[in-house]
Amino acid sequence: MEAKTVLKTRDDIRNVAIIAHVDHGKTTLVDWMLRQSGAFRANQNVAERVMDSLDLEREKGITILAKNTSVRWRVGEDGLSWRGEGPSHEFKVNIIDTPGHADFGGEVERGLTMVDGVLLLVDASEGPLPQTRFVLRKALARNLPVLLVINKIDRTDARIKEVVDDVYGLFLDLDATDRQIDFPIVYTVARAGTATLDPAVPGTDLRPLFDVLLKYIPPPAYEEGHGLQALVTNLDATPFVGRIALCRVMNGTIRKGQTVSWCRRDGEIQPVKITELYVTEALDRVPAAEARAGEIIAVAGIPEINIGETLAAELDPKPLPVINVDEPSLAVTLGINTSPMAGVDGGTKLTARLLKNRLDVETLGNVSIRVLPSDRPDMWIVQGRGELQLAVLVETMRREGFEMTVGKPEVVTRTVDGKVQEPMELLSIDVPEAYMGVITQMLGIRRSKMTQMVNHGSGRVRMEFVVPARGLIGFHNAFMIDTRGTGLVSHNFDHYAPWQGDIHTRPTRSMLADRSGAATGYALLNLQERGTLFIAPGDPVYEGMVIGETGRPNDMDVNPAKEKKQTNVRSETHELTVKLSSYRRLSLEEALEFIKDDECLEVTPKAVRIRKVVLNAHERERRRGVKSVRDDDD
Ligand SMILES: Nc1nc2c(ncn2[C@@H]2O[C@H](COP(=O)(O)OP(=O)(O)OP(=O)(O)O)[C@@H](O)[C@H]2O)c(=O)[nH]1
Ligand SMILES: [Mg+2]
């Protein structure tokens, strides 16, 4: 007989995620929540945006992985932030800082499984953007209460009232229930650590935010008498204890030293001992003897535990449903370095086995990455949410000593009722009016449809398009160049639609090295007349390596290693630095966007080189011949 479910709550904890479009100020707000809760000593030197702790996060200035922290907040008898006098009690607020870039949307989805409510941050000037829509949709689908935070109200171009209206519009658009639309609003300047309930009255600290948060975000609920259920929502590792599983305790209590049932993804259930148990306090993980339902914990001692699995009571274990996230929409091939320079740049991880192991590790910790076999034993198909996500993976791996060959990004299609469908993105663009024509043209050739255009009367227009994800590969570079860096662009997976037909984007062809050697200044000086170069004098080149792009109708095989006749060696270097200032070093992301179907990247700890898949010029010609014949047959 089923026991009647009695839901209880524990009022001493709140679990919230902060979600938003990229750069709207999430991590900055977390800084100040930590600071004002007294998480740091007065003299402690804490980095700005302290939660962005990965090297790549600091370099790129964006959050890549969702991370949790916690603050303790004192409340007086009136239920409001304690003012330093009279009785008080303490709340623990677990905060999940999530990334706002669309490519890392899987992190947000995972983060939402740990919390009981969200702070939806919206920039007071930019308003809701594609990722705001995505994260809000996910939060509403999980029925999480939303507290709206309008941030950056200090911006001179803030348009608070309109932005709030836009957010209401977004809720309606997403079919939110009346209860969901009835959200409280707090206005903040995250960078100054202030919040106010009335935008006309400047705030002095974050107390108004905490007051609303503690009232509005519900305490964790659990079933009275239910056995342990802790859902693994994230993984971490330290050299001392090995793999660490971050879990949300949904029901029951977990104790250090206790034996529990590890309910694995494959359905197997295995007893394991909890050798180490931690809870998060500010930026530290501190040992705990036990943790009750509602807490977010970290557990060590289970080397093979994975995201989505459950730690349950030893007797009568009940696994929780696995975490489902959106499907990946973009794929690249990733294989061992097959260029003639393999191993030359000092990579330490060169074999297919090491590569495969590393990719397997990635799929464990990263719910939105998938690895599939390819038709070659030393190459795999890696699927993810976007170019940046895949580039971050490749960048991380090269820093670990891997050398790789990375193929051209391709969209992940699917077949429904025998028809091919492709992912469509919702694209939002904000540009000065003068560029409207350029943008419309750029997107026209990419088979987009404009769905909305708003002119705020500020000299800028906001346009929205639905466009095949395919059409956006390589779009970002072109957009930045064509709008001279003044445009804002963001996009996000929207839906699958029937294949939209051919898209031809990059109009240029490649300039190819026809032999191995070192590029000479003399050769490059001549070659730069014919296009844009990607290499500098002294760079190693090999046959089939792409050294630049040209506007000519066909790829060009050239000799970048040509020596000047030894008549005059005087001041050659001086001459070159003056005249060769125009070569362009492509970043990993730019290079990924740049390559064509028959090209790929060689990535080593030292360099990103663009190359033809088939390096030998004769072989390339032969294959082209075969291809064009087959095209004629079609
Ligand atoms: N003017 C102004 N700028 C702010 C405010 N809050 C944050 N910023 C700035 O906005 C930029 C982005 O801040 P982040 O905290 O990294 O934004 P984020 O939402 O965490 O970004 P992602 O995690 O990459 O999505 C930084 O340059 C901040 O200094 C604010 O209240 N006013
Ligand atoms: Mg951030």
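What you see is a predicted model, in which local features need pLDDT of at least 70 and side-chain atom pairs count only at pLDDT 80 or more, while totals for chains, interfaces and linings use all residues. Residues are numbered from 1 along each chain as its sequence is written, and chains are lettered from A and ligands numbered from 1 in the order in which they are written.

Let me begin with the mixed sheet. It is open and has seven strands in the order β3-β4-β2-β5-β6-β7-β8, where strands are DSSP runs of E of at least two residues and helices are runs of H or I of at least four, numbered from the N terminus, and where two strands pair if DSSP finds at least two bridges between them. Its edges are β3 (67-76) and β8 (194-196), each of which pairs on one side only, and neighbouring strands are turned by 30 degrees against each other on average, direction ignored; axes here are lines fitted to C-alpha atoms, for helices over the stretch in contact, and angles run from 0 to 180 degrees between N-to-C directions. Within this sheet, β2 (13-20) and β5 (117-123) run parallel and are joined by five bridges, with Ala17 having Val118 in β5 as its bridge partner. Helix α5 packs on the sheet, touching β5, β6 (146-151) and β7 (185-189), and its direction makes about 150 degrees with that of β6; contact requires C-beta atoms, placed from the backbone, within 7 Å.

The other sheet is also open, with eight strands in the order β14-β13-β19-β10-β11-β18-β15-β16 and antiparallel pairing. Its twist averages 40 degrees from one strand to the next. Strands β10 (229-238) and β11 (242-251) pair over nine bridges, and Asp236 stands opposite Ile244 in β11.

Turning to ligand 1, there are 21 residues around it, of which Gly25, Thr27, Ile62, Thr63 and Gly100 come nearest, a residue being near if its C-beta atom, placed from the backbone, lies within 6 Å. Helix α1 gives the most to this shell, with three residues.

Finally, which phi does Arg49 have, although it is not a glycine? Its phi is positive, at about 45 degrees, and Arg49 is found in the loop between α1 (26-36) and α2 (55-60). Asp175, in the loop between α5 (160-173) and α6 (178-181), likewise has a positive phi, near 55 degrees. Asp175 counts as exposed because it has 9 C-beta neighbours inside 10 Å, whereas Arg49, with 19 other C-beta atoms within 10 Å, is partly exposed; the cut-offs are 12 or fewer for exposed, 20 or more for buried, and partly exposed in between.

Conventions:
Two residues are in contact if their C-beta atoms, placed from the backbone, lie within 7 Å.
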